[in-house]
Amino acid sequence: MARGGSKAAIVLCMDVGFAMTNSAPGEESPFEQAKKMMTMFVQRQVFAENKDEVSVVLFGTDGTENALASGDQYQNITVQRHLMLPDFDLLEDIQNVIQPGSEQADFLDALVVCMDLLQKETLGKKYEKRHIEVFTDLSSPFSEDQLEIIIANLKKTGISLQFFLPFPVDDEDGSGDTVDGRHSDMYRNSFPRKGLTEQQKEGICMVRKLMFALEEEGGLDEIYTFRESLERLSMFKKIERRPMAWPCQLTIGSNLSIRIVAFKSLVEEKLKKSWTLVDAKTLKKEDVQKETVYCLNDDDETEVQKDDLVQGFRYGSDIVPFSKVDEEQMKYKTEAKCFSVLGFSRSSQIQRHHYMGNQVLKVFAAKGDEAAAVALSALIHALDELDVVAVVRYAYDRRSNPQVGVAFPCIKDAYECLIYVQLPYMEDLRQYMFSSLKNNKKYTPTADQLSAVDSLIDSMSLVYEDDDGETTEDIFKTSKIPNPQFQRLYQCLQHKAFHPDKPLPPIEQHLLEMLEIPQEVRERCQAPLEKIKALFPLKDAGKKKEQKTAQDVFKDNNEDGPSAKKAKAENEEGSFSIANLAEGNVTTVGSINPAENFCVLVRQKNANFKEVSQQLVNRIEQFLETKGLQYYMKSINCIRVFREEAIKLSEVQCFNDFLQALKEKVEDKTLADFWEILIQDGISLITKDEAEGSSVTSEEAKKFLAPKEKPAETLLVAGEGGDVDDLVSIVKT
């Protein structure tokens, strides 16, 4: 496809004639393959966020819509979309609007329409490249009367041309044999040669003639097969960014200053998170209203104004307030941008594992400054000859914290520069001490074991070397592998754009295959691995008693975690937790953590279960009166804990009476939403299968959750106060 530039104008010219739908049994038609290629190309352009503009021209359509059509000239050719930035609307048009036609059109006429469109719609605008891509099976008849004019105009206007066909044409005799080996066997066999019609063979000759006239020796390099292109386009294009120049002064001491300019040579690419929150139903951004409220952690959840807040840092058991003014005063003040040499060091003193940061800078002399070029060149060559490096203080601007880094000399045939990499400060280094394996006879490896591990390491080498050791080649070419995180994200975004209600698709197989171990490395490793399995036998050591870790001691029951772990922690009545100590002495069931307070109180010595459960019921009533989903969920949690503790402490009847009274209250009031949540969670009466003190059967528990049928006559509804009093009095009995 078109190579990357600052801005390009691209016309996708697709054959939609009836012959494009012909295909062998079990194979995709050229029409479907061409649509898939165009879709992938546009997807790459959309996610790459470049400035290229794309137009679509169809030939072989039932109708005609182009600026050159007159009489019987340039018929059945339609400009589907004019030149503009690609977007999801274009993707939808390719997917749904472009359909096979019942006519045929001359692909050379279509080329003329594309050239006319490019010349008119790029007039007065600056484009680095203008390009036409033609997707066809060459089944349509054509006239070569204007071929010379087309070739002359393509050369004159600088419009480049590429063809995408269902079959290769890079052979001399049309037999399908490859000349330069550029196409693999897979590409070569993507279309049976014997199935070509006479019209297609004439079309191949015409395409060869046209491309050789434009490119001479390299003409066939711009003709691709559908299958070859699909594999190349299956990878989303990365976002292209041009490095920005960073001008500064390289200073050595107080007297020597060199004008330099630095560019980012290597930088960690991070995903651009341009997410927008929208309403789940309307999908509109304006329907989402955000409101942030700050509240005290007390029973009344007292609201606090933002102006009354100040950040604080914990120092032991105390919290030290630290205002924005304090933070500004504490910050290190940098005067301006800086690239100063602090000193020099032997290159052997700079260890590879000391490299830090997320970028590498290349430092050149300022453009057009001959004195700076001479001075920087002298410094670079001096560093190289003495095998030393410069230790540099680097600050991007006055708002940035300064860094200490190292500048290496880099001398190439085409250029020379300094390469800057950040180094750590003393606080960034961590020294870890490990006990020696040599002093432990139990773990001292044998000579055979050491040899086996050496063999495994050698077999896992990802670099191929010739017998003479001179020629090396990477087996696992990381530079050719795209970032799998980006590829997966773009795949999911594209899928959701067209299928918003369907689940995400699996990871593309070709991406998984790229990340697999190379086959030759896998085969090489088999023998060493078998040897290691024999020399390092694994035995079942049996189940050890679980030890309490720091995470168990310092855990916070308020944090979300696996429900199984939470349940286990709750069952361990004697378990020790710093979080429990931090709560202090719990005396009542509060409104912040009522369920946790209830659990603590009922497990205390001489605790009265009915009195404590009465406090919990009061909190549940308080939450239900508020009528909000957040408070409903809090009530559900309280009821769940009430049920669990009632089973453990054999207070079954107390809970069942409470739940029956609660059901009557729900039916008398507008709390259907709350009861629906209770049904979904399956919280019902405690059955005799769960606890001995219950007389409720499983069937009765299931029926209990069903809504009560109201009789035809009007019922007298008690007031709210009566309901609360009845519910409370039942629990007291």
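How many strands make up the closed barrel, and in what order do they run? In this predicted model, local features need pLDDT of at least 70 and side-chain atom pairs count only at pLDDT 80 or more, while totals for chains, interfaces and linings use all residues. Residues are numbered from 1 along each chain as its sequence is written, and side-chain values use heavy atoms, with hydrogens and water left out.

The closed barrel has 7 strands, in the order 7-8-14-17-16-15-13, and its pairing is mixed. From one strand to the next, the twist averages 40°. Here, strands (E, at least two residues) and helices (H or I, at least four residues) are DSSP runs numbered from the N terminus, and two strands pair if DSSP finds at least two bridges between them.

Strand 7 (residues 246–252) pairs with strand 8 (residues 256–267) in the antiparallel sense over 7 bridges, and Trp 246 stands opposite Ala 262 of strand 8. Strand 8 also pairs with strand 14 (residues 356–365), again antiparallel and over 7 bridges; here Leu 266 has Val 360 in strand 14 as its bridge partner. Strand 14 in turn pairs with strand 17 (residues 416–423) in the antiparallel sense over 4 bridges, with Leu 361 opposite Tyr 420.

Helices pack against each other too. Helix 17 (residues 594–602) and helix 18 (residues 609–626) meet at an angle of about 175°, their axes 10 Å apart. Axes are lines fitted to C-alpha atoms, for helices over the stretch in contact, and angles run from 0 to 180 degrees between N-to-C directions. Helix 17 is therefore roughly antiparallel to helix 18, a label for angles over 145 degrees.

The largest nonpolar core holds 42 residues, of which Phe 107, Ile 132, Leu 161 and Phe 163 touch the most other members. Such a core is a set of buried Ala, Val, Leu, Ile, Met, Phe, Trp, Tyr and Cys residues joined through side-chain atoms within 4.5 Å, where buried means under 20% relative accessible area (1.4 Å probe, protein chains only). Elements giving two or more residues to this core include strand 1 (8–15) and helix 6 (198–215), and helix 3 gives the most, with 10 residues.

Methods: Parallel < 35°, antiparallel > 145°, perpendicular 65-115°, else oblique. Buried < 20%, exposed > 50% of the residue type's maximum accessible area, 1.4 Å probe, protein only.
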